[in-house]
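I opened this model to take notes on its sheet, its charged pairs and its cores. My entries follow in the order I looked things up.

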Amino acid sequence: MNRSASVVTVVLLALGGVSATYLLQRSSAPQISAERRLLDSRKLLDVLPAGYYDNQPLERPLALGEVTLRHSVLSGGYRAIRSGQTVAVLLRSRSEGYAGTLELLIAIDANGRLLGVKTLEQRETPGLGGYLGEWPNAWLQRFTGKSRNEPTDPGWALKKDQGQFDQIAGATITSRATLHAIHDALRYFDEHRERLLGAGP
């Protein structure tokens with residue numbers, strides 16, 4: 001075989017390899033994308049009890065826009081549905097901690113009770129406020145079952161502020177920001193319950 005025939009053969013083999021790789025990527029991209037969505041969904045939705053819903057909440061985003069509350073900003077939300085009824089609303093909340101923005105996912109049941117809270121993003125000091133980013137989180141679990149009025153407004157504060165809640169050791173600002181964001185979300189849910197549950201305009 002002469003030299004030019006060898007070059008043509010190598011080029012054809014290279015083009016064949018590139019084409020096969022491209023086609024393989026194109027054919028597997030939807031599956032990879034679906035698996036990534038499922039992984040993201042599990043990561044976010046482990047704030048809800050297992051078997052609590054039968055839809056894909058992340059595919060039912062709420063049209064909230066940016067909602068500025070007393071101590072935090074809501075940047076979106078989702079509905080968890082079971083047998084055609086909304087059983088929970090998940091709200092994405094941002095507030096300012098000690099070292100930067102705290103982003104929380106706050107799950108509230110249809111009766112206005114807190115199902116769970118998960119930290120999605122934080123930049124707090126490792127070993128202090130950074131503890132907030134651990135999952136599961138014993139400190140955040142203390143809020144489960146609480147509602148807008150249980151405790152009453154004065155009770156929605158740290159004990160050092162004459163409220164009912166302990167703080168994360170050495171992380172007063174982080175604890176306060178988180179607690180206020182949770183209470184803001186519960187208050188917002190209570191004031192917009194019908195719209196958030198899909199039962200009204």
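**Entry 1: the sheet**

Which residue in β3 is the bridge partner of R79? I looked it up: V89 is the partner of R79. I note here that the model is predicted.

I then went from that bridge to the strands around it. Strand β2 covers residues 73–82 and strand β3 covers residues 85–96. They pair in the antiparallel sense, over nine bridges. I traced the whole sheet next. It is open and has five strands, in the order β1-β2-β3-β4-β5, with antiparallel pairing. The edges are β1 (67–68) and β5 (114–121). Each has a single partner strand, so one side of each lacks a neighbour in the sheet.

I also checked what packs on the sheet. Helix α3, residues 172–191, does, and it touches β1, β2, β3, β4 (101–109) and β5. Its direction makes about 40° with that of β4.

**Entry 2: N55**

I looked up N55 and found it in the loop between α1 and β1. Is N55 buried or exposed? I read a relative accessible area of 13%; N55 is buried, because the cut-off is under 20%.

What does its side chain reach? The side chain of N55 comes to 3.1 Å from the backbone oxygen of R79. A polar atom of that side chain also lies 2.9 Å from the backbone nitrogen of I81. Leaving out residues up to four places away in sequence, I list R60, R79, A80 and I81 as touching N55.

**Entry 3: salt bridges**

How many salt bridges does the structure hold? I have 12. I went through a few of them.

D46 pairs with K118, with the closest N and O atoms 2.9 Å apart. This pair links distant parts of the chain: D46 sits in the loop between α1 (3–45) and β1, K118 sits in strand β5, and they are 72 residues apart. D46 is partly exposed at 32% relative accessible area, whereas K118 is buried at 8%.

E103 pairs with R92, and their closest N and O atoms are 3.0 Å apart. E103 is in strand β4 and R92 in strand β3, so the pair ties together parts 11 residues apart in sequence. E103 is buried, with a relative accessible area of 12%.

D161 and R176 meet at 2.9 Å, N to O. D161 is in the loop between α2 (138–141) and α3, and R176 is in helix α3, so parts 15 residues apart in sequence are tied together. Both count as partly exposed: D161 at 30% relative accessibility, R176 at 27%.

I also noted a network of salt bridges that links R148, D190, E191 and R193.

**Entry 4: the cores**

I turned to the nonpolar residues. The largest nonpolar core has 32 residues. Those with the most contacts inside it are L91, I106, I108, L114, F143, I182 and Y188. At least two residues of this core come from each of β3, β4, β5, α2, α3 and α4 (193–197). Helix α3 gives the most, with eight residues.

Definitions and conventions. Residues numbered from 1 in each chain as written. Predicted model: local features only at pLDDT ≥ 70, side-chain atom pairs only at ≥ 80, totals over all residues. Heavy atoms only, no water. Pairing = 2+ DSSP bridges. Helix = DSSP H or I, 4+ residues; strand = E, 2+ residues; numbered from the N terminus. Contact = heavy atoms within 4.5 Å. Axes fitted to C-alpha atoms, helices over the stretch in contact; angles between N-to-C directions. Salt bridge = Lys/Arg side-chain N within 4 Å of Asp/Glu carboxyl O. Buried < 20%, exposed > 50% of the residue type's maximum accessible area, 1.4 Å probe, protein only. Core = buried A, V, L, I, M, F, W, Y, C linked by side-chain atoms within 4.5 Å. Polar contact = N/O pair within 3.5 Å; in protein donor to acceptor, adjacent residues only side chain to side chain.
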